[in-house]
There are 2 protein chains.
Amino acid sequence: MELRRKIEEIARKAKNAQPIVARTSTEVKNQVLKSMAQVLEKNISYLEKENKKDIVSAEKRGLSSALIDRLRLTPKRIKEMSACLKEVADLPDPVGEIIKMWRRPNGLKIGKMRVPIGVIAIIYESRPNVTSDCVGLCIKSGNAVILRGGSEAFNSNRAIYNILISAAGNMIPQEAIQFVPTTDRKAVDYLLKLDKYIDLLIPRGGQSLIKYVTAKARMPVIKHYKGVCHVYVDRDADLEMAMKICFNAKVQRPGVCNAMETLLVDEKIAQEFLPLMLEKFREAGVEIRGCKRTKKIVPWVKDARESDWYAEYLDLILAVRVVSGVDSAIEHIRKYGSNHSDAIVTEDYETAWKFLEEVDSSAVYVNASTRFTDGYQFGLGAEMGISTDKIHARGPMGLEELTTYKYIIFGDGQIRK
Amino acid sequence: MELRRKIEEIARKAKNAQPIVARTSTEVKNQVLKSMAQVLEKNISYLEKENKKDIVSAEKRGLSSALIDRLRLTPKRIKEMSACLKEVADLPDPVGEIIKMWRRPNGLKIGKMRVPIGVIAIIYESRPNVTSDCVGLCIKSGNAVILRGGSEAFNSNRAIYNILISAAGNMIPQEAIQFVPTTDRKAVDYLLKLDKYIDLLIPRGGQSLIKYVTAKARMPVIKHYKGVCHVYVDRDADLEMAMKICFNAKVQRPGVCNAMETLLVDEKIAQEFLPLMLEKFREAGVEIRGCKRTKKIVPWVKDARESDWYAEYLDLILAVRVVSGVDSAIEHIRKYGSNHSDAIVTEDYETAWKFLEEVDSSAVYVNASTRFTDGYQFGLGAEMGISTDKIHARGPMGLEELTTYKYIIFGDGQIRK
C-alpha cells in the first residue's frame, strides 16, 4: 500500500508538471537538453562508478556476456548519449506545428495543431542510454516522462536520471521527469492502473514483458515487439549488392530487432546466388537453416522447420527459403513476418514498387540493409523505441511520434444551422 | 461455441479480404461508393419497411421518443446517407499519400507513406446512418470493416448493409464488409478477443458500453466518450456574438456530444452579459444551474453543485459559472472538461491564442459554436465518430484518421557501418 501510493504520487506529479513543459519555449527546452548533454560528459567517472555496481551484480547473477555488454557504460557510450541529446536539441520543435489548415464554405478556418501527448511512461530493459534518449525526446516534445528501467540497470539509470535532473535545474519543473525508485515488480502493476495520469505506455523489452504490460495496462500501449525481418533477393537484383546487403543485415549486429532473420531468394537466381552467399555466411560463423530447395543447392545447410520461419534468433542463425518470385516473397512475409523491417533487392522498377506497396511493415526497404530501422539512422536524433503496432506510430518513434494534434478553429461568430 | 466460431469466421474473412481493398484503385473505390449511394436512394421503401420493424419494437419496449426519433429512417435521412457516400467518394484518396520524404547524408531516401489500418470493428448504438457512413469511410481508406450496431436498430442496419453489399457487387470483395448477424451480446465479447484479426476497435455509444469495451478489448481502442463542452465568454467578447454562439451551442441540438454543457463567464462582463443571456435561455426552456456569483446576478437560477461541472446533460440544462478571467476558465476546463470541444468568445488576439494553445481538447474554437465538431462540418465527408482519446486520432475521425503510415526507404546498396 505504501508503494502503491508512492507510484501514484509519481504519476500525479508528472501529470501536474506536464502542462508547464508543454508551454516551455523551444529555446529553453533546447537549453535543457544541451545542459544535460554537457553535465553527462562531465560526470563520466561518476557514471562509470554507478554502472560498475550493476555490472558486478550482473556478473554475480551469471548474466550472459552479451547482456553485460549491453549494460556497460563506457566513456564512448556516455559521449554518444550526450551527442544524441544535442542532436535532438538541434531538431525542429514539433509542438505547435500547424500540420494543415483549410477554410470551410462558411468561413471557418480549421487547422490541426501538433501538441504533446501528456504523460508518457516507458518500461524498458537493459541499455541505460534509453534513459537519456527518452528524457531528451519527451522533454523536447513537451511531454512528461516516467522512467521504469530494468532492475539489472537500476544504479546506472538512477545515476543518469540524477544527472539529467540536476542539469535541468529549474528551467523546467523537475517533476516532469520521474524515475521509479525501486526494482520492486509491483511498481509496474501499480503504474499500469494509472490511466488517470498516464496517457501512453511504451514497453520495450522481451516478449513476456510486452505481453504482461499489454494485458494489464488500462491506458493505450504502443508495443515494441519482435523483429522477424526479411531480405528478399529478386531475380533482377544486382547480386553483388544483394550479397553486401544480406551480409550486413545478418552479421553487422545480429542481436538487435532490425537484423535479418530470414533470407528469401528468387528461384530464378538461387542457383547462382546461394552458394556464394551462404559460403560467406559460413565463414562468418552463421548457422544456416534452409528449405528443401536451398538444401538441394547447398547441401551442407541444416533443415529449416516451420518454426524457423517465425523465429527471431537475435543470433548468428539464418533461415533461408527459395521462393518463386516477388509474390511468394510477399506472401511469406505476410504469413510469418512481424511487421518490423523488410527489404527487397532488385533493379526492376515495377517489382520494387510492388514490394514497397504490398509489404505491410513499419519499414520497407528497396536496396538497403534492414539495419537502418533506427531513430538516429532515420534522422530523428534518437528513438523512444520501434513500434510494431499500427495505431498512432509505426517504426522508430521520434519527436513527431510523441505528439498528437488538436483541431483549432477560427471563426467570426459562426453558428450551426 | 457455435457463435464464437461464427464471429471468428467473420473477423478472419475481413482480415483476408482487406489487402485486396487496400490495393483497389481510387477509381474503383469511388465507383463502389457512388453505386452504394445510388442503390440506397432506389430502396427507400424497403429501408422504411425494415426500419418500421425496429420502430414498432422500440415503441413496444417503451423507448423514449428522442431515441425513437434517432432510430427513424425517413426519405430525407436516407438521401443524406446517400449524399455522405457521394461526398466521401469525392474526397482525395488518402491511401498511398507520401506524407513527407527526406534524404539522409548516406543517400537513403526515407519517406512516410499513408496506408490503411487493416480491419476496423465498430460497435455503435442507435442511429442507422452510422452503418453507411462507416462503410463508406472504411472502404475509401482501404480498410475492411466489421459492423456491430445496437439491437434496437438491428433490422435497419441489416437492410442498409444488404443494400451496400449488393451495390458493391464484385468491385471489391464483399467479405471486406462484415455485419454481425445477431443481437446476442456475447458476440461483442467474442469480437473483443480477436486482436489476431482486428486492428482497431471503435466503440460509439453510452458510457457503460465504452467502459465495458475498453476493459475487455485486446486490440487498440479509440474511445468516443462524453462531451462536457464549454463556452467561455471573455471580457473582450463581442457580447452580441457571444449570445448567438452560446444559444446555438446549447439549444440547437442539446442531445449531442458537441453541445455546450457549461457556460463560463468572465467576471468583468458577467453583470452585463448574464441577465440577457440567461433570460434568452429561460425563454427557450433551458434550466440554469449557476454558481453563487451567477445567482447573485440572476437570482432565479438553481444552485449548481460540484457534480454539475462534470455533467453531460444532453438536455436543456446548463451549468453556469462566473470566473475571474481566461486563466480560471482554462483551469476549470482542465479540471472538469472531457477534452471534447471548447470555445472562447473574445476579440482580444492574445487571449484567443492563449485559450487555443492551453486548452487541451480535441477541438478548440475561437468565436464559433462548439456544434461544428463533426466530420461533415469539418469537411471530412462523414465521420467514424469523435475521438476523445489522444493517441492516433482526436476529434472527428475521417479518412486520414482511418489510415496509418509505413516508412518506405529507397537505397542503392547502403549498409550500416
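**View 1. Where chain A meets chain B.** In this predicted model, 48 residues of chain A are in contact with 48 residues of chain B. On the chain A side, β2 (109-116), α10 (239-251), β13 (363-368) and β16 (403-414) each bring at least two residues to the part that touches chain B. The top contributor there is β16(A), which gives 11 residues. Sort the chain A side by residue type and you get 24 nonpolar, 14 polar and 10 charged.

**View 2. A strand pair that crosses between the chains.** Here β13(A) teams up with strand β16 (residues 403-414) of chain B, in the parallel sense and over 5 bridges. To find your way along the pair, look for A:Val364, which stands opposite B:Ile408 in β16(B).

**View 3. A four-strand sheet in chain A.** This open sheet of chain A runs in the order β5-β4-β3-β6, with parallel pairing. At its edges sit β5 (177-179) and β6 (200-204), each pairing on one side only. On average, neighbouring strands are turned by 15° against each other, direction ignored. Zoom in on β4 (residues 144-148) and β5(A) and you'll see them pair over 3 bridges, with A:Val145 opposite A:Ile177.

**View 4. Helices lying across that sheet.** Helix α6 (residues 129-140) of chain A lies across β3 (119-124), β4, β5 and β6, and runs at about 165° to β4(A). Helix α7 (residues 154-168) of chain A lies across β4 and β5, at about 155° to β5(A).

**View 5. The two domains of chain A.** Domain 1 takes in 2-222 + 397-409, while domain 2 covers 229-374. Taken over C-alpha atoms, their centres are 34 Å apart.

Notes:
Residues are numbered from 1 along each chain as its sequence is written. Chains are lettered from A and ligands numbered from 1 in the order in which they are written. This is a predicted model: local features need pLDDT of at least 70, side-chain atom pairs count only at pLDDT 80 or more; totals for chains, interfaces and linings use all residues. Domain bounds come from an automatic or database domain assignment. Two residues are in contact if their C-beta atoms, placed from the backbone, lie within 7 Å. Ala, Val, Leu, Ile, Met, Phe, Trp, Tyr, Cys and Pro count as nonpolar, Asp, Glu, Lys and Arg as charged, and the others, Gly among them, as polar. Two strands pair if DSSP finds at least two bridges between them. Axes are lines fitted to C-alpha atoms, for helices over the stretch in contact, and angles run from 0 to 180 degrees between N-to-C directions.
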